Amino acid sequence: MRGKARLLAAFAAFALVLGPALAEARPGGRSSMGSRGSRTFAPPPVTRTAPDAARPMDRSMTQPGQAARPNAAAPGAAAGARGGMFGGGFGGALMGGLIGMGIGGLLFGHGLFGGFGGIGSILGLLLQIGLIVLLVRFAIRFFRSRNQPAMAGGPRPSPLNREAHPARHPMGMGGARPAAAPAAAPVTLAQSDFQAFEGLLRDVNAAWSRRDPAALSRLATPEMMGFFSQDWRDLEARGWRNETRDPRLESGDLSEAWREGDTEYATVAMRFSLIDVTYDAQGKVVEGDPNRRDTATELWTFQRGPAGSWKLSAIQQTG
C-alpha cells in the first residue's frame with residue numbers, strides 16, 4: 001500500500017509539471033471570462049480586427065438565461081474554473097479524469113489505473129501528451145516571432161475605430177448559427193470613451209503586473225477582480241509571477257454597445273502587442289521572452305453605471 005501511495009504522489013508531481021505548461025499567465029489567462037450582461041452567452045459580432053468568432057465563456061458568474069449582476073463578485077471556489085492544482089481547460093480536465101480513473105481502480109480492486117491498461121500505458125500516454133504540448137508551444141512561438149509588429153516610436157493617433165465595422169463571418173460546414181444577442185437599447189459612444197478603453201488596456205496590465213488589487217479593483221468589476229485574484233493565487237502556488245510590459249494597441253474597432261437598465265456595455269475588438277514574461281521565485285524566465293513582443297487579439301467588454309466610469313467586465317478570446 002505504501003508503494004501505491006508513493007506512485008500516486010509521483011503521478012501528482014508529474015501532473016503539476018504538465019499542468020502549468022498548459023496554462024497561460026497574462027491578465028485573463030488567455031481564456032474567456034467575465035460577464036456581458038444578458039449577452040454573456042451570445043457571441044459578439046465579428047469585426048475587421050477580430051474576424052473570427054469569440055470563444056464561449058470559460059468562467060462566468062452569469063448562468064445561461066440569467067442577466068449578470070453588475071456588482072457580483074466571484075467567490076474563490078467559483079473563480080477556480082481554470083485554477084486549482086492542474087490549471088484549467090484541457091489540462092485540468094485531463095488530469096482530473098486520469099486521477100479519477102486511478103482512484104476508481106483502487107476502490108474497485110483493479111489496481112492503480114488498472115482500468116486503463118496498467119501504469120505503463122498511462123505513463124506512456126502522459127509522455128506523449130507532454131511531447132505534443134512542447135511541439136505545439138514551439139510552433140506557436142515560431143509563428144508569433146515571424147509576425148511581430150514593428151516597433152514604432154513617438155505619439156500617434158489611437159488605432160481604435162469609433163464605429164462598428166462588422167466583418168462577414170464564413171458559415172461553418174453543417175454548423176448551427178450562433179444564438180442572436182438579446183435586444184437592448186443602443187448606446188452612442190464618444191471619442192473619450194474609446195480613449196478610456198485604450199487606457200484601461202494599459203492600466204489593467206500595469207496593475208496586474210504590480211499585483212496591485214486596490215488599483216485593479218478600480219479598473220475591473222468585482223467578478224473580474226475575483227478571477228484575477230484566483231489567477232494570482234495559482235501563479236503564487238507555483239512560485240511564479242507574471243509581468244506584462246508596454247501594452248500597445250495596434251488596431252481595434254467596436255463590436256457592439258448597448259444599455260440594460262442603468263448599465264451601459266461596450267464590447268471592443270482589440271489587437272495589441274506587449275511583452276509577456278513569467279518568472280520563477282529566483283527570477284528565472286519560465287514563459288515568454290523579455291526581448292520579444294507578443295501579439296494578441298481579444299474582445300474586451302466594458303460596463304459603467306450612472307455617472308460612473310468604464311470598468312472591464314469580460315475578456316474573450318477569438319478563433
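P186 stands opposite W258 in β4, a detail from a predicted model. Local features in this model need pLDDT of at least 70 and side-chain atom pairs count only at pLDDT 80 or more, while totals for chains, interfaces and linings use all residues. Residues are numbered from 1 along each chain as its sequence is written, and side-chain values use heavy atoms, with hydrogens and water left out.

That opening pair belongs to the contact between strand β3 (residues 185–186) and β4, which pair in the antiparallel sense over 2 bridges. Strands count as paired here if DSSP finds at least two bridges between them. W258 also has a charged neighbour: R39 lies over the face of its ring, at 4.5 Å from the ring centre. For a charge to sit over a ring, NZ of Lys or CZ of Arg has to be within 6 Å of the ring centre and within 35 degrees of the ring normal.

Stepping back to the whole chain, there are 6 helices and 8 strands. These are DSSP runs numbered from the N terminus, with helices being H or I of at least four residues and strands being E of at least two. Read from the N terminus, the order is α-β-α-α-β-β-α-α-α-β-β-β-β-β. Of the 319 residues, 44% count as buried, meaning under 20% relative accessible area, as against exposed at over 50% and partly exposed in between (1.4 Å probe, protein chains only). The accessible surface comes to about 15900 Å², and carbon and sulfur atoms hold 59% of that; areas are from the Shrake-Rupley method with a 1.4 Å probe, and for residues only the protein chains shown count as cover. As for contacts (heavy atoms within 4.5 Å), residues 24 or more positions apart make up 73% of those with a separation of 6 or more.

Strand β5 deserves a longer look. Of its 18 residues, 17 are buried, so β5 is largely enclosed by the rest of the structure. Strand β4 (residues 240–260) runs antiparallel to β5, with 17 bridges between the two. Along this pairing, N242 has T278 as its bridge partner in β5, and R248 stands opposite S273. The hairpin of β4 and β5 has 2 residues between the strands, and G261 there takes a positive phi near 65°.

Strand β6 (residues 285–287) pairs antiparallel with β5 over 2 bridges, with V285 in β6 as the bridge partner of Y279. β5 and β6 form a hairpin with 4 residues between them, and in its turn G283 has a positive phi of about 85°.

Within β5 (residues 263–280) sits M270, which counts as buried because its relative accessibility is 0%. Leaving out residues up to four places away in sequence, M270 touches T49, L201, L249, S251, G252, A296, T297, E298, W300 and F302.

Rings of Phe, Tyr and Trp (its six-membered ring) pair if their centres lie within 6.5 Å; planes under 30 degrees apart are stacked, over 60 edge-to-face and the rest tilted. By this rule, the count comes to 8 aromatic pairs. F197 and W310 make an edge-to-face pair, because their ring centres are 5.1 Å apart and their planes lie at 70°. This pair links distant parts of the chain, with F197 in helix α4 (residues 191–210) and W310 in the loop between β7 and β8 (311–317), 113 residues apart. F197 is buried at 0% relative accessibility, and W310 is buried at 6%. W300 and F302 form a tilted pair, at 6.3 Å centre to centre and 45° between the planes, and both are buried. Ring pairs link F194, F197, F272, W300, F302 and W310 into a cluster.

Finally, S31 lies in the loop between α1 (2–21) and β1 (33–34). S31 is buried, with a relative accessible area of 5%. Its side chain reaches the backbone oxygen of G28 at 2.8 Å.

Technical notes:
Polar contact = N/O pair within 3.5 Å; in protein donor to acceptor, adjacent residues only side chain to side chain.
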